[in-house]
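Try each task before you read its solution.

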Amino acid sequence: MAYWLMKSEPDEFGIEDLYRSPQQTAPWDGVRNYQARNMLRDQMQEGDLVLFYHSSCKPPGVAGTARVVRAGYPDSSAWDPESPYFDPKSTPDNPRWYRVDVQWCSTFPRLVPLDRLREVPALAGMPLLQKGNRLSVMPVTEEEWQTILGLAGV
DNA sequence: GCCAACGTTGGC
DNA sequence: GCCAACGTTGGC
């Protein structure tokens with residue numbers, strides 16, 4: 001089983017939106033970056049655990065956890081002309097983009113802010129904290145996972 | 001709103 | 001295949 005961190009803007013889709021989804025489950029779609037796509041398509045497996053990160057908000061940080069309940073499958077929003085994620089280069093016969101389904105697991109009693117993550121030496125290697133990193137899906141080590149859950153007080 | 005960093009596009 | 005221009009991300 002692997003651990004991941006996934007970013008979402010809470011104005012668009014935050015952990016409360018996942019909590020309120022049917023079966024507390026939602027597709028994680030709209031990822032349009034090849035590096036992230038490869039992880040969604042090739043690596044993320046049912047049962048993997050996810051840190052749900054809130055970005056582009058005040059303050060940004062880890063808001064809770066989720067679980068992958070369906071491994072990578074084609075992101076049909078790419079061939080929906082009505083979707084903001086429409087990409088005419090992706091077709092059902094030759095899908096370019098992928099998504100997974102995630103289910104809500106926990107909302108932290110308090111968000112663990114990005115500032116706090118930066119203070120912890122054990123987390124210094126996280127891609128999230130590297131200058132210029134823009135990946136919206138990234139792997140997390142078990143040690144990092146445990147450290148962040150510790151910071152969240154859970 | 002700014003801007004650094006990075007990815008993508010397209011002319012050549 | 002290079003690289004300048006442009007678009008996007010996301011913290012500040």
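**Exercise 1.** Decide whether Arg99 is buried or exposed in this predicted model.

*Solution.* Start with the number: Arg99 has a relative accessibility of 12%. Next, take the cut-off: buried means under 20%. Arg99 therefore counts as buried.

**Exercise 2.** Find which residues form salt bridges with Arg99.

*Solution.* Step one: Asp29 pairs with Arg99, with the closest N and O atoms 3.4 Å apart. This pair links distant parts of the chain, 70 residues apart. Asp29 sits in the loop between strand E2 and H3, while Arg99 is in strand E5. Step two: the side chain of Asp75 also meets Arg99, at 3.6 Å from N to O. Asp75 lies in the loop between strand E4 and E5, so this pair ties together parts 24 residues apart in sequence. Step three: compare burial. Asp75 is buried, as is Arg99. Asp29 is partly exposed, because its relative accessible area is 28%. Asp29, Arg32, Asp75 and Arg99 are linked in a network of salt bridges.

**Exercise 3.** Describe the salt bridge between Asp17 and Arg20.

*Solution.* First, the distance: 3.4 Å, N to O.

**Exercise 4.** Which residues touch the most other members of the largest nonpolar core?

*Solution.* The core has 43 residues, and the ones to pick are Leu5, Met44, Leu51, Val62 and Leu128. Now ask where the largest share comes from: strand E5 supplies 6 residues. Finally, check Leu5: its contacts include Leu51, Val62 and Leu128.

Terms used:
Residues numbered from 1 in each chain as written. Chains lettered and ligands numbered in written order. Predicted model: local features only at pLDDT ≥ 70, side-chain atom pairs only at ≥ 80, totals over all residues. Heavy atoms only, no water. Core = buried A, V, L, I, M, F, W, Y, C linked by side-chain atoms within 4.5 Å. Buried < 20%, exposed > 50% of the residue type's maximum accessible area, 1.4 Å probe, protein only. Helix = DSSP H or I, 4+ residues; strand = E, 2+ residues; numbered from the N terminus. Contact = heavy atoms within 4.5 Å. Salt bridge = Lys/Arg side-chain N within 4 Å of Asp/Glu carboxyl O. Lists of a residue's contacts leave out its neighbours within four places in sequence.
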